[in-house]
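Q: I've got a model open and I'd like to learn to read its strands and helices. Can you walk me through it?

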Amino acid sequence: MSARIDAGTREASPPWLEERCDIADIVPDESSPIPPSLTIVVPTRNEAENVGPLVERLDRCLPGQVLEIIFVDDSDDDTVAAIESLERSPDRVIRVIHRPRGERQGGLGGAVVVGLRAARADWVCVMDADLQHPPEVIPSLLERARATHADLVIASRYCGDGSLGRMGELRAAASRATTILAKIVFPGRLRGVTDPMSGFFLVCRRAVDPDSLRPCGFKILLEILIRTDGLQVAEVPYRFGERHAGESKASLREAIRYLMLLWQLRLSDQTRRFVRFAAVGASGLGVNTLALLAFAEIQGLHYLVAAALATQVSTLWLYLLTESFVFRGRAGSRGPLARMGLYFGMNNAALLFRGPLMYALTSVFGIFYVASNLISLLALTALRFAVADTWIWDAARRSRRAAAPALYNIHDIVTVRSTVPLPELEQFRVEALDGPPTIDVRTQARRPHRVTAERHFQYDERLGVFGFWIDVSLGDLIDVVASPLLARSPHVLYTNVVEPILRWTFVQRGYALIHGACIAYDDHAYLVTARTDTGKTTTVLRMLDRQRRESATAAFISDDLTLVTPEGTVLTYPKPLTISKHTVSALNRPALTRRERLGLPIQSRIHSRGGRRFAFLLTRSRLPVATINALAQWLVPPPKYPVQRLIPQVKLAREARLEGLFVIERGADDEFRLDPDEMLDILMSNCEDAYGFPPYPAIRGHLLQANGQDLSVVERQIVQRALAGVPGRLIRSSSMDWAQRIPALISAPAPSREPLPGGLAIDGAVPEPGTGG
């Protein structure tokens, strides 16, 4: 089967194709109703003799896969004719996107971006047509993606038993040099990546935004790695093959384009905008100073009044230059008058800070008022740029509003639809749901008017669109409406609103979401629970890091929360881990960028145990603490990272059988067994400890009642049954050495699970998992 996209057909072309690729319509293949399981994107340039053997080997090494092979062709020979003559097959669709001369922007990288936009499968494999990228490696890439939950799997010539094959010495030296240069320029981003120059990789289509890429030459993988935040990267070794036919496209021109790409990537778009913003601001300093002197010296006004009037003059000047020079082409969804109004509002709001600062510098410290004015303006430059860049001229604002809701399926137990992506649920994200969601989450400016909702509650700190409020209707569909502020603070939206609802929804379906980390050894799971901020995350990461380096069988299930069934099965709940500078220092080379490492001390300080204690102290006042929390986490997001970023190549497990529980505490070194009642009480107390921040105390009573049941009783019964016969230990430590002591206890002989011990009575009926209560 084949379909051709060609510059000669211009009727009814899809908008994205005309706007972004400047090429024409896709001719659909009506005989292929089954969506492909894998898309292969192959950029070609004069590869007529290679496309046939490539497709034959793809057919052989990927049996049973429904393939979509997209050739993005920049050829001047008969490559397109060779592709169209290929034998048809019911298991694949072959599509050709031909880019004539004059429309081959970005070279090979540009061709790959065109292919990514056209791909229909969730997973896309990018490879060359000359068979130097062996198709037989693709099954290993797919398996690695499944095993590690990676977004991007690179076929590497430099890891494991990978090699450059019979590549000539000069070309091999050039390949190594370009790799070393890239890693020197981007030491943080490329930490743990051995072959960022590879042209052979597998990527999850939804993990990469083609619009964010600006391809230049061959090295599209480097572009993806640098411009895409939060990618989970894994590697598979391979041996670089020999070219089947044709000539290499490497040249001095491509080397120059590579150096240009490094420069462009290093000097990011935001950096360039800030440089232009600062240059415009420098001209504004002159305008502001002249206006200030005119109002103060000629008109005889007080220097603070003169500064306020001078601000209006310089703001108009700055707006005109900022609109036409700094943010040209980034109008977003706001009109010019709206942008002007916001810009004037920002600069006048800054006077609330500048006025006291100028007064202190001039009237207290005796600094000349012109110098004080300049100091106050310079002090706010970075903040003004941040507001202008992320709010006033936010080009992504319209696309965010129009973006499809994020969909999550948590083990086929509960589904969530949210207009705001929820990072904590990212591992459960899916393309579609089979039916209506269990929980529907959205943000809007006004609270909804509920007419028929029987179980309904609100929490409102009375600050309107600038504050924290939620409106929740409980039922078969749980409808959650939140204030616009929470769209800016998704961690708060999830942690303080969605997660408490999830907790009690799981209970109704026969599961308990308990506060504890979980590690699996083979199929045996061990829970580690503690009070918040004891050191549980650092302990679990140290255990996993040590076991990985020793090639042991430990696998990560969860860090903060774990799902358990009454039968004692634990299910993964892999939220991003909240780390600290201390956590990073305890690990072996976590894959964090330089920017992430530099920001970690500030993030850790604000989101540390001390910061949370201070936040809880505020709850005793009448301050709007939920709003303060949302603002704080918007301005300084918590340092949360998936486990794969912290421990590259960590093993993951979806579920296991619960075989032990460890309670860790700080204090004088001690260790003793827990009886079943103690173990249950501690675990349930730790669960409540994780949910103490507003609005939870105010909404807890609404969430606990369902079908005449007290769900807190049901939750305790589920956990009680899950712990039946499970040994438990409490480990106190003054040196936080739990990561060494727990594995030793796990490896020691232990009795198998036993029936319920005497004195551990379970009262009432517990809903069976999946029954919905």
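Predicted model: local features only at pLDDT ≥ 70, side-chain atom pairs only at ≥ 80, totals over all residues.

Q: Which way do the side chains of strand β7 point, and are they buried or exposed?

A: In a regular strand the side chains alternate between the two faces of the sheet. Here, Phe201 and Val203 point one way from β7, while Leu202 and Cys204 point the other way, and all are buried.

Q: Which strand does β5 join, and by how many bridges?

A: β5 (residues 123-126) runs antiparallel to β7, with four bridges between them. One place to look is tryptophan 123, whose bridge partner in β7 is cysteine 204. Strand β6 (residues 152-156) is also antiparallel to β7, joined by three bridges, and there valine 153 stands opposite leucine 202.

Q: What is the strand order in the open sheet of seven strands?

A: Read β11-β9-β10-β12-β15-β14-β13, with mixed pairing. The edges are β11 (429-430) and β13 (455-460), each pairing on one side only. β11 pairs with β9 in the antiparallel sense over two bridges, and valine 430 in β11 is the bridge partner of leucine 407.

Q: How do helices α16 and α24 pack?

A: Two packed helices are described by the angle between their axes and the distance between the axes. For α16 (residues 490-508) and α24 (residues 696-704), the angle is about 25° and the axes are 10 Å apart. The angle is under 35 degrees, so α16 is roughly parallel to α24. The crossing is right-handed. Pro500, Ile501, Arg503 and Trp504 in α16 meet Tyr696, Leu703 and Leu704 in α24; that's six nonpolar residues, no polar and one charged.

Technical notes
Residues numbered from 1 in each chain as written. Heavy atoms only, no water. Pairing = 2+ DSSP bridges. Buried < 20%, exposed > 50% of the residue type's maximum accessible area, 1.4 Å probe, protein only. Axes fitted to C-alpha atoms, helices over the stretch in contact; angles between N-to-C directions. Parallel < 35°, antiparallel > 145°, perpendicular 65-115°, else oblique. Left-handed = near helix turned anticlockwise from the far one by under 90°. Contact = heavy atoms within 4.5 Å. Nonpolar A, V, L, I, M, F, W, Y, C, P; charged D, E, K, R; others polar.
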